[in-house]
Amino acid sequence: MLHVTVAYGTSRRTAQLYSGEFLIDPADGVAFVLSGLSVPTKFDLRKTRHLPYDEAWFRVPPNAPFGQTPKLGLLHPSLVRRAKAAYNAARK
């Protein structure tokens, strides 16, 4: 079975980043669009979980307000350095 690692993300207090966090923001342009996000979101790479990639974890929720298709975004290459710096900080 395929497993994925997911990181906790929040759209609250995005102006304050802590060690192990990185932000994806509309100012990132195309990178933000490809992320699939609708608001600025920071991800905490100190809070990750390994989950099976199956219907139990990745199905469309009932009463889906944004349509019946789960949306998976991409991490644009321009954000990889930012994510790597957060990853390195989270490992310390």
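How much space lies in the second largest pocket? About 180 Å³. The notes below start there.

1. Ground rules. This is a predicted model, in which local features need pLDDT of at least 70 and side-chain atom pairs count only at pLDDT 80 or more, while totals for chains, interfaces and linings use all residues. Residues are numbered from 1 along each chain as its sequence is written, and side-chain values use heavy atoms, with hydrogens and water left out.

2. What "pocket" means here. On a 1 Å grid over the protein atoms alone, a pocket is an open set of points where a 1.4 Å probe fits, with protein on both sides within 12 Å along at least five of seven lines; lining residues have an atom within 4 Å of a point. The volume is the space filled by probe spheres set on the points, which are joined across faces, edges and corners.

3. The lining. Around the second largest pocket you will find Tyr8, Thr10, Arg12, Arg13, Gln16, Tyr18, Glu21, Lys42, Asp44 and Lys47. Two elements, β1 (3–10) and β3 (41–52), each give two or more residues to this lining, and β3 has the largest share with three. (Strands are DSSP runs of E, at least two residues, numbered from the N terminus.)

4. Six of the lining residues are charged, two are polar and two are nonpolar. In this scheme Asp, Glu, Lys and Arg are charged; Ala, Val, Leu, Ile, Met, Phe, Trp, Tyr, Cys and Pro are nonpolar; the others, Gly among them, are polar.

5. Glu21 and its partners. The whole structure has four salt bridges (a side-chain nitrogen of Lys or Arg within 4 Å of a carboxyl oxygen of Asp or Glu). One of them pairs Glu21 with Lys42 at 3.4 Å, N to O. Because Glu21 sits in strand β2 (residues 21–24) and Lys42 in strand β3, this pair ties together parts 21 residues apart in sequence. Glu21 also bridges to Arg46, with the closest N and O atoms 3.9 Å apart; Arg46 is in β3 too, so parts 25 residues apart in sequence are tied together.

6. The network and its burial. Asp44 and Arg46 form another salt bridge at 3.0 Å, N to O. Through shared partners, Glu21, Lys42, Asp44 and Arg46 join into one network. Which members are buried (under 20% relative accessible area, with exposed over 50% and partly exposed in between, 1.4 Å probe, protein chains only)? Glu21 is, at 13%, as are Lys42 at 6% and Asp44 at 3%, whereas Arg46 is partly exposed at 46%.

Terms used:
Helix = DSSP H or I, 4+ residues; strand = E, 2+ residues; numbered from the N terminus.
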